[in-house]
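The following paragraphs lead through selected features of a single structure. Please keep the sequence and the model in view while reading.

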Amino acid sequence: MPHVDILYNQLQKRLIDSVSANKAVTNFQHNIQQVRDSIDTINENPPSEKKRKVETSDTRKVAAKEICDTVITQAVDRFKFTGHLTASKLFVTEKFNKYKEFPEMLLNEIHKAYPFINVPRLRTELEIIYMRQDFSNTSSASVLLKFIIENNLERTFSESAKLLKVQVTIPMTTSEAERCLSTLKRVKTFLRSTMGEDRLTALAMLSIEKQVISDMCDFNERVIDRFAQRKERRMDFLPRHTNIKVVNY
């Protein structure tokens, strides 16, 4: 089923948040249910076919339905311990204008998962957020949080900002840890088996955060300057009669 690969790729995204993860799982279950409901209408045999072929087709349809039921059941069991992700349903921006009645049941579930949240204040803040068009124009929970911070609204929407910070910082998958382990294999090779822990940690961090390093246009020059200033060396790495400002990292 291509839906399984789609769900896997969505959950393995590096920047996925709780809202996107919850939406991906819900869409996956809905798509599998649609596949199950359409099984009876596909691969129909003409009436002139032999009885044995018709029975084989019916057997395959029954097996296909069982597979779909198994996939849906496994998905529900695997993602049922997601009470901490309940808050993500409150920040689905596409539904802000569609809430005819406030989702009181979600607030009760959030109070169980996050007892430190002031629920009455959160309810008041969300009612205002749902009514404002500028909040509805945000595309995700992380964008909504950024909008609140940039407009200095953290005190006004304190409980919403607190809950959003929790949601955008919850690790959705183990992909980040898996990337770190794969980086370690590339850094510590057979020829570097005697490398110290400090050097290994530094090289692994450089490899993992290579995007940050590439965005620093003068990174190499700053490293050379710091290397030259550490102690006296036989070769002069610094140009003469210049004042070098060493930046501590």
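Ile6 is located in helix 1 (residues 2-11); helices (H or I, at least four residues) are DSSP runs, numbered from the N terminus. The model is predicted, with local features requiring pLDDT of at least 70 and side-chain atom pairs counting only at pLDDT 80 or more, while totals for chains, interfaces and linings use all residues. Residues are numbered from 1 along each chain as its sequence is written, and side-chain values use heavy atoms, with hydrogens and water left out.

At 43% relative accessibility, Ile6 is partly exposed, a class lying between buried (under 20% relative accessible area) and exposed (over 50%), with a 1.4 Å probe and protein chains only. Its C-alpha atom is separated by 8.9 Å from that of Ala24, 18 residues apart along the chain.

Asn152 belongs to the loop between helix 7 (141-150) and helix 8 (158-169). With a relative accessible area of 67%, Asn152 is exposed. The phi of Asn152 is near 55 degrees, a positive value in a residue other than glycine. Most residues other than glycine have a negative phi.

The second largest pocket has a volume of about 440 Å³. On a 1 Å grid over the protein atoms alone, a pocket is an open set of points with protein on both sides within 12 Å along at least five of seven lines, and lining residues have an atom within 4 Å of a point; the volume is the space filled by probe spheres set on the points, which are joined across faces, edges and corners. Of the 13 residues lining this second largest pocket, Ala202, Leu203, Leu206, Phe219 and Val223 lie nearest its centre.

Note on methods:
Helix = DSSP H or I, 4+ residues; strand = E, 2+ residues; numbered from the N terminus. 1 Å grid on protein atoms, 1.4 Å probe; cavity = no way out; pocket = protein on both sides within 12 Å on 5 of 7 lines; lining within 4 Å.
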